[in-house]
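Please keep the sequence and the three-dimensional view at hand while reading.

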Amino acid sequence: MNFISVKEATSIILNNTEIFGVETIPLTNTLSRVLKESVFADRDFPPFDRVSMDGIAISKASFDKGIRSFKIEDIQAAGKAQINLNNPDYCIEAMTGAILPLNTDAVIPYEQINIENGIAKVLIDEISYFKNIHPKGFDKKENELLISENTIIGAAEIGVLATVGKTHVKVAKQPRIAIIATGDELVNVNQTPKPFQIRKSNVYSVLALLNELNLDADLFHLNDDKAVLLKEIDQILKDFDILIFSGGVSKGKFDFLPQVLEELEVKKCFHSVKQKPGKPFWFGKKGSKTIFAFPGNPVATFLNFIKYFKPWYLKSVGLDFESNNLAILEEDFTFKSDLTYYLQVIITNKDGMLFATPIMGNGSADLVNLVEADGFLELTAEKSEFKKGSSLPYLPYR
Ligand code: AMP
Ligand code: MG
């Protein structure tokens with residue numbers, strides 16, 4: 001095995017991103033998808049001088065002349081075409097959301113007037129020009145950029161897409177993903193394992209990690225049988241864009257995957273990274289297909305997904321993939337080895353700073369520890385002593 005560093009593995013992975021293409025889908029299906037078009041204002045925002053309080057619209061010049069009693073000429077309701085104030089010393093009742101009546105330039109809310117016998121008496125002594133009016137184009141001008149391409153569509157974006165009339169939206173296509181568990185010792189969740197068996201857990205944690213990225217996947221389980229692996233993986237390679245394996249890539253007698261993948265003409269980019277856990281990670285490409293084969297140890301699979309798959313996917317769809325999270329180590333930690341160590345930690349946030357306390361009994365196979373921890377501190381291979389108070393790269397999963 002030719003070992004490579006975490007840094008080299010990261011750079012190979014980020015140089016092998018894929019474009020999954022673009023599709024146009026109905027607005028109501030776009031939540032959490034990645035926008036693949038820039039969205040511009042189709043008109044001014046707001047599109048007309050809009051009354052922003054229920055009250056009366058007047059001409060400020062009349063108010064400035066000293067007029068305080070305004071005869072009501074008419075009513076301007078929301079959703080109705082603009083009407084005129086004919087006599088500048090009169091007023092028009094105007095409702096929130098209505099277009100400002102012609103020849104008026106200030107709105108006095110009902111709270112500041114008394115209406116009797118069709119006359120509105122004003123209770124205030126000062127009014128500014130365009131008071132209680134949201135001027136046309138105040139927020140955005142026609143053709144101005146509202147949402148940039150490569151934004152994750154949330155509720156706020158859906159509102160804006162609706163307001164500019166986008167019934168259909170261009171978004172990144174979602175890759176077809178297969179998660180493949182390997183191992184004769186694995187049984188289904190609904191089965192009672194024999195003493196020498198375990199329930200399959202990795203496929204479900206990986207599926208959940210994908211779901212957190214708004215991705216879905218099909219699940220497979222293959223036995224440690226070379227002929228079966230060859231036949232099944234050949235088909236899976238045809239049907240899916242991304243294959244995520246767990247198990248079968250180490251040095252065991254029944255770890256057939258590296259061999260099988262090469263026989264199926266998947267190009268090996270690397271096998272084994274100087275890290276713990278997750279060292280036997282195998283990564284390869286076949287045309288546009290990308291193959292992540294993680295070792296089966298549940299913490300290794302979990303960590304490698306966060307460390308490698310997640311930035312690879314985010315970069316592939318044009319999202320920000322660099323994680324610059326740092327956390328401060330709460331106690332001295334020693335790890336003597338030439339491997340990068342991923343330490344499971346519990347995080348406490350003190351005044352916006354993250355403090356990381358290592359989980360004790362940090363056996364890498366202990367998937368139950370994942371429940372207690374919040375993420376991994378990355379302890380570089382170059383050092384073995386890590387002092388309390390040092391600021392270190394942090395990979396969160398919560
Ligand atoms: P392997 O990488 O195949 O050598 O597996 C390493 C360890 O992870 C073994 O103890 C396996 O039983 C375990 N393992 C492999 N696949 C899974 C899985 N899908 N869920 C839980 N544990 C697994
Ligand atoms: Mg195995």
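Gly318 is partly exposed, with a relative accessible area of 32%. Burial is judged by relative accessible area, with a 1.4 Å probe and protein chains only: buried means under 20%, exposed over 50%, and partly exposed in between. Gly318 belongs to the loop between H7 and strand E22 (326–329). Helices (H or I, at least four residues) and strands (E, at least two) are DSSP runs, numbered from the N terminus.

Not counting residues up to four places away in sequence, Gly318 touches Lys36 and Asn150; contact here means heavy atoms within 4.5 Å. Gly318 and Leu339 are separated by 21 residues in sequence and by 31 Å in space, C-alpha to C-alpha.

## Basis of the model

This is a predicted model, in which local features need pLDDT of at least 70 and side-chain atom pairs count only at pLDDT 80 or more, whereas totals for chains, interfaces and linings use all residues. Residues are numbered from 1 along each chain as its sequence is written, chains are lettered from A and ligands numbered from 1 in the order in which they are written, and side-chain values use heavy atoms, with hydrogens and water left out.

## The six-stranded sheet

An open sheet is formed by six strands with mixed pairing, in the order E16-E13-E17-E21-E20-E18. Two strands pair if DSSP finds at least two bridges between them. At the edges are strand E16 (218–222) and strand E18 (267–271), each of which pairs on one side only. From one strand to the next, the twist averages 20°. Angles run from 0 to 180 degrees between N-to-C directions, and axes are lines fitted to C-alpha atoms, for helices over the stretch in contact.

Strand E13 (residues 177–182) pairs with E16 in the parallel sense, over five bridges. Within this pairing, Ile180 stands opposite Phe220 in E16.

## Helices across the sheet

Helix H4 (residues 202–212) lies across E13, E16 and strand E17 (242–246), and runs at about 160° to E13. Helix H7 (residues 298–316) lies across E13, E17 and strand E21 (289–294), and runs at about 160° to E21.

## Surroundings of ligand 1

Ligand 1 is surrounded by 17 residues, the closest being Glu185, Ser201, Gly248, Gly296 and Asn297. A residue is near a molecule or strand if one of its heavy atoms lies within 4 Å of it.

Several polar contacts can be listed; a polar contact is a pair of N or O atoms within 3.5 Å, and within protein one must be able to donate a hydrogen and the other to accept it, while residues adjacent in sequence count only if both atoms are side-chain atoms. An N or O atom in the side chain of Glu185 is 2.5 Å from an oxygen atom of ligand 1. A nitrogen atom of ligand 1 lies 3.0 Å from a backbone N or O atom of Ser201. A polar backbone atom of Asn202 is 3.1 Å from a nitrogen atom of ligand 1.

Gln275 lies in strand E19 (residues 275–276) and counts as buried, at 1% relative accessibility. The side chain of Gln275 reaches the backbone oxygen of Pro277 at 2.9 Å. Leaving aside neighbours within four places in sequence, the residues in contact with Gln275 are Val6, Leu303, Asn304, Tyr308, Leu339, Thr340 and Tyr342.

Pro277 itself is in the loop between E19 and strand E20 (282–286), and the peptide bond from Lys276 to Pro277 is cis, with omega near -5°. Another cis peptide bond joins Phe45 and Pro46, with omega of about -10°. Pro46 is placed in the loop between strand E2 (39–40) and strand E3 (50–51).

## Positive phi angles

Asn143, a residue other than glycine, has a positive phi near 75°. Asn143 is in the loop between strand E10 (133–134) and strand E11 (145–147), and counts as exposed at 57% relative accessibility.

Glu265, likewise not a glycine, has a positive phi near 65°. Glu265 is found in the loop between helix H6 (257–263) and E18, and is exposed, with a relative accessible area of 62%.

## Cysteines

A disulfide is a pair of cysteine sulfur atoms within 2.5 Å, and by this rule the count is zero. Cys91 counts as buried at 0% relative accessibility. Cys269 is buried, with a relative accessible area of 19%.
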